[in-house]
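Try each task before reading its solution.

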Amino acid sequence: MRTTLKDLLHAINILGDDRDVTVDGIDAIAVCPPVKFTPEGLEHFRKTLNATVEVEYKNDSHLDTYVSDEEEDVNERAWNLLASLAGYCPEKDFNKWFEGEDAKMI
């Protein structure tokens with residue numbers, strides 16, 4: 001199934017379960033709900049949130065999620081977004097993009 005990274009993050013919020021997301025050619029990382037963005041975070045990651053996502057089901061119950069896009073730098077930017085969501089960024093950026101009173105679930 002093809003969708004956007006934004007829609008995948010929304011689905012992870014709706015399902016309420018942690019999901020491992022693999023970024024093509026880079027690595028996998030857990031995405032843990034709730035996934036929230038501030039308006040500044042949405043703008044900062046706007047292009048990345050529109051990245052194409054491939055979702056494949058394996059072994060009837062295992063969900064493998066792959067992020068890929070035809071643009072060369074999208075996979076790297078998707079990885080940076082997901083790693084930032086996991087806290088692998090400076091605290092000031094994390095707070096600016098994902099925390100605070102104006103942060104809303106995607």
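**Exercise 1.** How many Å² does the accessible surface of the protein chain come to, and what percentage belongs to carbon and sulfur atoms?

*Solution.* Note that the model is predicted. The accessible surface of the chain comes to about 6500 Å². Carbon and sulfur atoms account for 46% of that surface. Next, take burial: 39% of the 106 residues count as buried.

**Exercise 2.** Decide whether Asn-13 is buried or exposed, and find what it touches.

*Solution.* First locate Asn-13: it lies in helix α1, residues 5–15. Its relative accessibility is 8%. The cut-off for buried is under 20%, so Asn-13 counts as buried. Leave out residues up to four places away in sequence. Asn-13 then touches Pro-33, Pro-34, Val-35, Met-105 and Ile-106.

**Exercise 3.** Which residues have the most contacts inside the largest nonpolar core?

*Solution.* The core has 27 residues. Leu-5, Leu-9, Phe-37, Leu-81 and Leu-82 have the most contacts inside it. Elements giving two or more residues are α1, β2 (19–23), β3 (27–31), β5 (52–58), α4 (74–85) and α5 (91–98). Helix α4 gives the most, with seven residues. Finish with Leu-82: beyond four places in sequence, Leu-82 touches Leu-5, Leu-9, Val-21, Val-23, Ile-29 and Val-31.

Notes: Residues numbered from 1 in each chain as written. Predicted model: local features only at pLDDT ≥ 70, side-chain atom pairs only at ≥ 80, totals over all residues. Heavy atoms only, no water. Buried < 20%, exposed > 50% of the residue type's maximum accessible area, 1.4 Å probe, protein only. Areas by Shrake-Rupley, 256 points an atom, 1.4 Å probe, with all protein chains shown as cover. Helix = DSSP H or I, 4+ residues; strand = E, 2+ residues; numbered from the N terminus. Contact = heavy atoms within 4.5 Å. Core = buried A, V, L, I, M, F, W, Y, C linked by side-chain atoms within 4.5 Å.
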